[in-house]
Amino acid sequence: MMAVRGRLVPCVCLGVLGLLCWVWVSFASLPDDELPLGSLDAVDRGAFQPQSALSEMEFASISSYRGPGNNDRRSNKELPILLWWSGGLFPHFPGDSERIDCAISSCLVTSNRKVQLYKRTASIIFYGTDFRAYEAPLPRLHHQTWALFHEESPMNNYLLSHGPGIRLFNYTATFRRESDYPLTLQWLPSLDYLLEPIAVSLEEKKRLRREGLAPVLYMQSHCDVPSDRDRYVQELMKYIEVDSYGKCLNNKPLPEYLEDTSTATGEDPKFMNFVARYKFHLALENGLCPDYMTEKLWRPLHQGCVPVYRGSFVVKDWMPNGHSAIIIEDFPTPKALADFLKFLDDNDDEYAKYIQFKNPSHITNAQLLETLETREWGVNDMSKPNYLNGFECYVCDQENTRLAAERVYKKAPKKNQPPQPKMADNTHMGCPLPSPGYGDVQDLPADDGWLQIWPQDYWQSLDQAEGLESLIRHNESDPSLLWRHIQNIAVSRARGKQ
Ligand SMILES: *[C@@H]1O[C@H](CO)[C@@H](O)[C@H](O)[C@H]1NC(C)=O
Ligand SMILES: *[C@@H]1O[C@H](CO)[C@@H](O)[C@H](O)[C@H]1NC(C)=O
């Protein structure tokens, strides 16, 4: 059992990054002329004959996801096409196109952009981190839906956190539970991962404390982030001892044997043993958003250390019970938090309550248990689709259902309703304007590094979202006109104010 876990965990943490890597390696081993790159310039698009671009030959058929409800007997030529706009994330191999057989229906999927303007192309799937308004597929065709896959930090693309940005998409898979295909517990592989026995016993932790180990660990290598976590931790460090090993607020060197695995997300056993010695782990996400929770939170729980957490405002909804994590927002000041941590450090019985959930009878959160039990995608679980393929199939089934409803409606408009339009809203992402990690924004000096980056980035992405909305409304086909549209919006706003 241990051996299996040992292998599973590294893959879990690589997540999509690993997949990207794998896809890249796979492509890299193909001869150049088979690379799906450089697909097409806008100019060339007209030169392609729609049907020849997707000849039957190109499709390897996989039936692994075909559900019992899938009676789709159509040939590849008749299936709707889903286009992965962010080709680097195309979750198939080899080739750039494939037939997928999903729970109730089938589709063709491709990363080949030459199908962008085809009638048969029903949906375009985007990877949120790579989505750029100035590279959007335009003109946006009325019959095509857009689907968004975004499981990464909100800081990667604030465009998606604004109403005009997220409403461009009809289907979403994000970390938020409200999204169409939620990825909320993506960093929690399983219930067993939570129930893993405590790595370093309380007795041993106490011994290490007597030897001079600090009660609190901080390890970050990414310092300039929207959550501005260093500003908070710096304040906290005035009141309680913190060992900080990463690049940010470093006050201790890493032992030599760890130096090449010093990234905070490493799951190397030596690294894991090293961090497991601490009673408390500062676990502050790089961006704050409802339901955005990463390994920073789940790893200390896995190891039996207590996370001191800031990230999702509704994190308590997912904790094993009401007493397993310390939430920074529950304390009025860093000093009050430090006092509480010191109290727990001195009172073993009180500290031990935070790790009671290692006994399954103390996991009382029914929503957590049910979500882990019922989610249809797995994390390194061969019996379930991964979430990329899972979302792709969700979109496929949605599109086939919509297309069928449209056909029924067209045949007999008097007897049937047209399918209702569906689009995302701010509950699918909607991360708030970044605010300082400690103190009020008005009190920051004008040359503050964080102030100069993140609030601006947030508002500039609103401009871009509005600019793209305007491009689409004007049926533009050249996305590089974005800047002109943004300017026009600014000008007409200024006029309105006069
Ligand atoms: C998809 O979303 C757009 C808005 O961004 C909307 O105009 C369109 O009607 C939606 N399509 C469907 C099929 O729901
Ligand atoms: C939008 O633009 C495309 C090509 O640029 C054109 O074929 C189409 O007729 C336009 N649609 C409308 C509603 O103007």
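The largest nonpolar core has 97 residues, of which Leu82, Ile125, Phe126, Val216 and Leu282 touch the most other members. A nonpolar core here is a set of buried Ala, Val, Leu, Ile, Met, Phe, Trp, Tyr and Cys residues joined through C-beta atoms within 7 Å. This is a predicted model, in which local features need pLDDT of at least 70 and side-chain atom pairs count only at pLDDT 80 or more, while totals for chains, interfaces and linings use all residues. Residues are numbered from 1 along each chain as its sequence is written, with chains lettered from A and ligands numbered from 1 in the order in which they are written.

**Core**

- In the largest nonpolar core, with its 97 residues, helix α12 (residues 387-411) gives the most, namely 7 residues.
- Domain 1 (3-185 + 378-441) and domain 2 (191-372) both give residues to this core, so it lies between them; the domain bounds come from an automatic or database domain assignment.
- Isoleucine 125 is in contact with Leu82, Leu83, Trp84, Trp85, Ala147, Phe149, Glu392 and Val395, leaving aside its neighbours within four places in sequence; contact means C-beta atoms, placed from the backbone, within 7 Å.
- In soluble globular proteins, nonpolar side chains tend to be buried together.

**Chain overview**

- The chain contains 14 helices and 12 strands, where helices (H or I, at least four residues) and strands (E, at least two) are DSSP runs numbered from the N terminus.
- Of the 498 residues in the chain, 38% are buried; buried means that 20 or more other C-beta atoms lie within 10 Å of the residue's own, exposed means 12 or fewer, and partly exposed is in between, with C-beta atoms placed from the backbone.
- Among contacts in the chain with a separation of 6 or more, 70% are between residues 24 or more positions apart.

- In β3, 5 of the 5 residues are buried, so the strand is largely enclosed by the rest of the structure.
- Ser97, Arg99 and Asp101 point one way from β3, Glu98 and Ile100 point the other way, and all are buried.
- In a regular strand the side chains alternate between the two faces of the sheet.
- β3 pairs with strand β4 (residues 106-110) in the antiparallel sense over 5 bridges; pairing requires at least two bridges found by DSSP.
- Isoleucine 100 has cysteine 107 of β4 as its bridge partner, and a hairpin through 4 residues joins β3 to β4.

**Backbone features in loops**

- Phenylalanine 93 and proline 94 are joined by a cis peptide bond with omega about -5 degrees, and proline 94 lies in the loop between β2 (81-84) and β3 (97-101).
- A cis peptide bond also joins leucine 138 and proline 139, with omega about -5 degrees; proline 139 is in the loop between β5 (121-127) and β6 (145-150).
- Aspartate 228, in the loop between β8 (216-218) and α6 (229-236), has a positive phi near 55 degrees although it is not glycine. Aspartate 228 counts as buried, with 26 C-beta neighbours inside 10 Å.
- Asparagine 475 also has a positive phi near 55 degrees and lies in the loop between α13 (449-473) and α14 (482-497). Asparagine 475 is exposed, with 11 other C-beta atoms within 10 Å.

**Ligand 1**

- Thr145, Arg167, Leu168, Asn170, Arg402, Pro421, Lys422 and Met423 surround ligand 1, a residue being near a molecule if its C-beta atom, placed from the backbone, lies within 6 Å of it.
- This shell divides into 3 nonpolar, 2 polar and 3 charged residues; Ala, Val, Leu, Ile, Met, Phe, Trp, Tyr, Cys and Pro count as nonpolar, Asp, Glu, Lys and Arg as charged, and the others, Gly among them, as polar.

How values were computed. Contact = placed C-beta atoms within 7 Å.
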